[in-house]
Amino acid sequence: MRPPRRRRVVAGLLLAPVLTGCFASNGETSDGKSADGSRLRVALAFPPAENFSPYGADATLLSRLGVTEGLTKLDANGVAAPALAESWTRENDRNWLFTLREATFQDGTDVTPATVAAALTEATEAEPVTAALSGIELTAKAKDDRQVRVTTEDPDPALPLRLTSPGLAILSAKAYGGKRVNPVGTATGPFEVTKVTGTTAATLDRFDGYWGGRAQASGIDAKFIADGSARTNALRTDQVDMAEAVPVSQAPTLDKGARRETATTRTTSLLLNTRTGAFKDPKLRAAAREAVDGSVLAKDVYEGYADAGVGIFGPAVTWAAGKRVEPTGRARAADADGTSITIATYDNRPELPEVAQVLQQQLQKAGFEVKLEVREYSRLESDALAGKFDAIVGARNSLLDTGDPVSIMASDFTCDGSYNLALLCDKKVDQAVAAAAKESDTVKRQQAAMNAEAAILGTDATVPLVHQKIITGVADSVQGVILDPYERTLVGTGTRR
């Protein structure tokens with residue numbers, strides 16, 4: 001599912017973007033429905049695509065439901081904060097030492113330096129590689145009974161940010177004993193997966209041994225509902241307590257108090273297949289870029305819940321605008337002259353098919369013949385990564401995987417990138433991303449990231465369309481929902497009804 005890889009890991013103080021929004025929660029007191037806490041009913045947009053593998057897209061499902069944790073986590077300002085590691089130090093350019101807190105896995109075994117090192121080693125050997133380790137080489141070894149040393153092949157100043165990735169969750173030894181990694185009953189979070197019903201539902205119970213304190217909800221009943229209207233209707237008719245990714249077209253059907261708007265680092269883009277087909281020609285990629293108007297999408301499709309695309313990183317990454325570099329070396333646009341293309345997208349995010357329809361009209365006006373392919377995401381990803389479409393309309397949180405702006409460009413736009421939907425392999429891009437990865441100073445790294453963004457945009461492999469705001473539907477009875485601009489968390493120990 002993902003291209004070749006190299007590896008590495010993380011720790012210490014961070015090079016983190018500052019966001020316009022912070023994590024928010026909506027209350028502090030329980031309504032006392034049950035002395036043991038009521039169960040939460042949650043509707044999620046994306047069903048598990050990889051049997052809850054912690055190394056792919058399903059990793060975020062696990063983190064949003066409070067199942068998995070890593071050594072570090074992102075705080076409200078995008079800085080690496082303690083999680084299973086209570087502290088860390090950088091010993092030298094390549095070595096980091098993490099001191100573990102006392103914690104227990106959901107199977108009753110202790111979190112030890114040996115189990116942590118083994119979990120990180122498993123992540124480096126995963127196929128396909130988890131996005132956070134794209135272009136990274138690392139080893140992890142127990143130092144003593146409380147500390148783990150992580151060594152990277154090359155200096156990696158963003159290691160603490162990288163370790164926050166949901167794809168680098170720490171699981172017990174039991175998780176790795178079968179043909180696939182199994183997070184059921186082997187994670188460390190406040191909620192434990194106890195039952196999975198295919199791709200339609202999952203049952204989670206409170207893990208009373210959680211190091212961070214007992215969750216106030218007794219469990220979670222999660223439903224995976226790809227259709228946005230159905231998710232919203234489930235909330236409106238009291239079938240669920242929370243519904244993620246409410247379509248903007250459905251937002252007016254909810255009471256104002258039930259709509260929680262969050263500015264995110266998510267960008268919707270048109271990714272053009274640079275390896276095969278029509279868009280192998282950079283002149284036709286330029287023609288597609290010139291034909292597209294993101295402001296129309298922001299106004300008409302997203303109804304104001306988005307800003308027109310300005311780059312890979314949008315307004316929520318507040319430092320980006322002042323450091324943005326104008327792309328150079330773009331090809332001159334050719335006449336499309338009836339060139340036939342297929343654009344694929346997925347309907348888990350209901351705006352995307354609408355975006356694709358508008359793009360179809362814009363590209364047809366420019367002379368392209370356009371066919372659309374709409375699927376559920378789990379049925380699309382492998383074909384998209386295999387280059388079976390000319391273009392993909394996708395929504396990607398640019399800081400989801402690591403919180404580091406350089407890492408997503410390595411993952412999504414370099415020759416060895418693990419989530420390279422554009423199938424881009426460009427020497428100048430690889431050099432710019434590599435140069436940014438070497439910068440340890442925060443300001444210099446940010447500027448180098450913008451230089452790399454300009455190199456990527458100069459290839460026209462991606463056309464940023466809009467920068468999204470997301471709407472989460474929350475029932476009046478629910479308190480403590482985590483509104484996360486990185487979209488990594490939703491339910492925590494204080495979430496309750």
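The following dialogue shows how to read several features of a predicted model.

Me: What should I know before reading this model?

Reply: The structure is predicted; local features need pLDDT of at least 70, side-chain atom pairs count only at pLDDT 80 or more, and totals for chains, interfaces and linings use all residues. Residues are numbered from 1 along each chain as its sequence is written, and side-chain values use heavy atoms, with hydrogens and water left out.

Me: How many helices and strands does the protein have?

Reply: Helices (H or I, at least four residues) and strands (E, at least two) are DSSP runs, numbered from the N terminus. The protein has 11 helices and 17 strands.

Me: How does the radius of gyration agree with that of a compact globule?

Reply: The radius of gyration is taken over C-alpha atoms, and the globule rule is 2.2 Å times the number of residues to the power 0.38. For 497 residues a compact globule would come near 23 Å, and the protein has 22 Å, which agrees. Its C-alpha trace spans about 65 × 55 × 45 Å along the principal axes.

Me: Which cysteines does a disulfide join?

Reply: A disulfide is a covalent bond between the sulfur atoms of two cysteines. The rule applied here asks for a pair of cysteine sulfur atoms within 2.5 Å. By this rule there is one disulfide, and it joins Cys415 to Cys425, with an S to S distance of 2.0 Å. Both cysteines lie in the loop between helix H9 (405–413) and helix H10 (427–437), so the pair ties together parts that are 10 residues apart in sequence.

Me: Where does Ala336 lie, and what is it in contact with?

Reply: Ala336 lies in the loop between strand S13 (306–308) and strand S14 (340–346); at 2% relative accessibility, Ala336 is buried. Contact means heavy atoms within 4.5 Å. Neighbours within four places in sequence aside, Ala336 is in contact with Leu284, Ala366, Gly367 and Phe368. The C-alpha atoms of Ala336 and Glu91 are separated by 56 Å.

Methods:
Buried means under 20% relative accessible area, exposed over 50%, partly exposed in between (1.4 Å probe, protein chains only).
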